[in-house]
Amino acid sequence: MKKALVIIALSISVVACNKTAEVKEVKTAYVDTSVLMKEYTEAKDLEAKYKAQAEEKGRQLQAEITRFKQDAANFQSQAQANGQAWAQQRGAELQKREQQLGYAQQALAQQLQQESGAEMDTLVTGVKKFIKNYGKEKGYSYIYGTGDAASILYAEDKYDITKDIVKALNDNYKAGTKLDTKSDAKAKDTTTAKK
């Protein structure tokens, strides 16, 4: 009886060893994220929007700075004629104005940085979601990112799908379709809540 069990076990293991394992093809690609953000029309439009805002608000502030410089130049020429008490009072006023202009410059830069940062974060979230859906649709197992925050040290050029992604994103943007920026976790939560 033991011999029969050993023979059966051996025959099963031989049969199991002869079967070739089915290997599923793993389709991979990568996207150069720095090129993507340079060539994606919505990203360029966003950058242009905040550059224009910075220039406009900067011009207004620059006019105030120019007036301040003129007042400071006039102060120097009038200080001797109007006396020391006048010079001290006027000097203190000019110092206060100079400090306020410095604060205004910092506040403007901070405001623009926060606004553009928030919109850029939303854009990046949408692009990631778009790439994820693109990968699923095209049958990719992995899509890696390269560029400024490189996660790939080398890849053959034939795996670069950056141009395809940029074209698809730009076509989507031209069509007026907004990118989906909701995370999958939030989407699952709302789906669960509806049930």
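What volume does the second largest pocket have? I read about 210 Å³, where a pocket is an open set of points on a 1 Å grid over the protein atoms alone that a 1.4 Å probe fits, with protein on both sides within 12 Å along at least five of seven lines, and a volume is the space filled by probe spheres set on the points.

The model is predicted, with local features needing pLDDT of at least 70, side-chain atom pairs pLDDT 80 or more, and totals for chains, interfaces and linings using all residues. Residues are numbered from 1 along each chain, and side-chain values use heavy atoms, without hydrogens and water.

I noted the lining of the second largest pocket (residues with an atom within 4 Å of a point): among them are Glu42, Asp45, Glu119 and Tyr173. Its largest share, 4 residues, comes from α3.

I then looked up the largest pocket, which holds about 400 Å³ of space. Of its 15 lining residues, Thr33, Leu36, Val124, Lys128 and Ile131 lie nearest its centre. α4 gives the largest share of this lining, 5 residues; α2 (33-39) and β2 (142-146) each supply at least two.

The 55 residues of α4 (84-138) should span 81 Å at 1.5 Å a residue, and the end C-alpha atoms are 79 Å apart, which agrees; the expected span is 1.5 Å times one less than the number of residues. Just after α4, Gly139 has a positive phi of about 80°.

For the protein I logged 6 helices and 2 strands, in the order α-β-α-α-α-β-α-α.
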